[in-house]
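Reader: Before I use this structure, I would like to hear how its labels were assigned and which cut-offs stand behind them.

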Amino acid sequence: MDLALTLAREGERRGEVPVGALVEMDGVIIGTGTNCPVGTSDPTAHAEIIALREAGGKTKNYRLTGAVLYVSLEPCLMCFAAAVHARVAKIVYGTGDPKGGVFSTGSFERISGVFNHKIEIESGVGENESSEILKDFFRSRR
């Protein structure tokens, strides 16, 4: 999670909402990403998507069976669905996102029976630091 938080700060320096993500498989980091929808004019350029794309490229496979996705902020519905389609084994995230997170908004309850792949979820890892990074970012924008 330390690397995800470092990546979040990198995104913040570029003026993006500070979210960082990485994909780990068999103890090796195979993908990293930071939020970059503003700089790329791409609404899908969330940190998780960037990390999953890089991991798929490195493994030459869109299936990332056994991988763990670490992200500083709770994934949105789009990012969660991408992790499901990639067959990620586990998602570990820092702080919740009551306005856009797949779990906090209740979206997960509505879709949980739709997918046949189940992902283990661990929340609250690095929560305080992730929350502070985001609060500082939005405070500086007001």
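Author: What follows is a set of questions on the terms used for this model, each answered from its definition.

Author: This is a predicted model, in which local features need pLDDT of at least 70 and side-chain atom pairs count only at pLDDT 80 or more, while totals for chains, interfaces and linings use all residues. Residues are numbered from 1 along each chain as its sequence is written, and side-chain values use heavy atoms, with hydrogens and water left out.

Reader: Why is Val 125 called partly exposed?

Author: The label rests on relative accessible area, with buried meaning under 20%, exposed over 50% and partly exposed in between, for a 1.4 Å probe and protein chains only. Val 125 has a relative accessibility of 25%, so it counts as partly exposed. Val 125 sits in the loop between strand S5 (120-123) and helix H6 (127-141), where helices (H or I, at least four residues) and strands (E, at least two) are DSSP runs numbered from the N terminus.

Reader: Which residues does Val 125 touch, leaving out those up to four places away in sequence?

Author: Contact means heavy atoms within 4.5 Å, and with residues up to four places away in sequence not counted, Val 125 touches Met 1, Val 92, Tyr 93 and Gly 94. Val 125 and Gly 94 are 31 residues apart in sequence, yet their C-alpha atoms are 4.6 Å apart in space.

Reader: What makes Lys 58 exposed?

Author: Lys 58 has a relative accessible area of 52%, and therefore counts as exposed. Lys 58 belongs to helix H3 and touches Ile 29 and Ile 30, not counting residues up to four places away in sequence.

Reader: How do you know that the end-to-end distance of helix H1 agrees with its number of residues?

Author: The expected span is 1.5 Å times one less than the number of residues. For the 12 residues of H1 (residues 2-13) this should give 16 Å, and because the end C-alpha atoms are 17 Å apart, the two values agree. H3, with 13 residues, reaches 18 Å from its first C-alpha to its last, close to the 18 Å expected.

Reader: Why are the buried residues of H1 said to line one face of the helix?

Author: The buried residues of H1 are Ala 4, Leu 5, Leu 7, Ala 8 and Gly 11. Seen down the axis of H1, they fall within an arc of 160°, so they line one face; the arc is that of the directions from the helix axis to the C-beta atoms. The face turned away from this buried side carries the exposed residues Asp 2 and Arg 13, while the cover over the buried residues of H1 includes strand S1 (20-25), strand S2 (28-34), strand S3 (68-73) and H6.

Reader: What makes a set of residues a nonpolar core?

Author: The members are buried Ala, Val, Leu, Ile, Met, Phe, Trp, Tyr and Cys residues joined through side-chain atoms within 4.5 Å. Of the 28 residues in the largest such core, Val 23, Leu 64, Leu 69, Phe 80, Val 88 and Ile 91 touch the most other members. S1, helix H3 (47-59), S3, helix H4 (77-85) and strand S4 (90-95) each supply at least two residues of this core. Apart from it lies another core, of 7 residues, among them Ala 4, Leu 5, Val 92 and Ile 133.

Reader: What do the buried residues of H3 pack against, and what covers those of H4?

Author: The buried residues of H3 pack against S1, S2, S3 and H4. In H4, the buried residues are Cys 79, Phe 80, Ala 81, Ala 83 and Val 84, and their cover includes H3, S3, S4, helix H5 (107-111) and S5.
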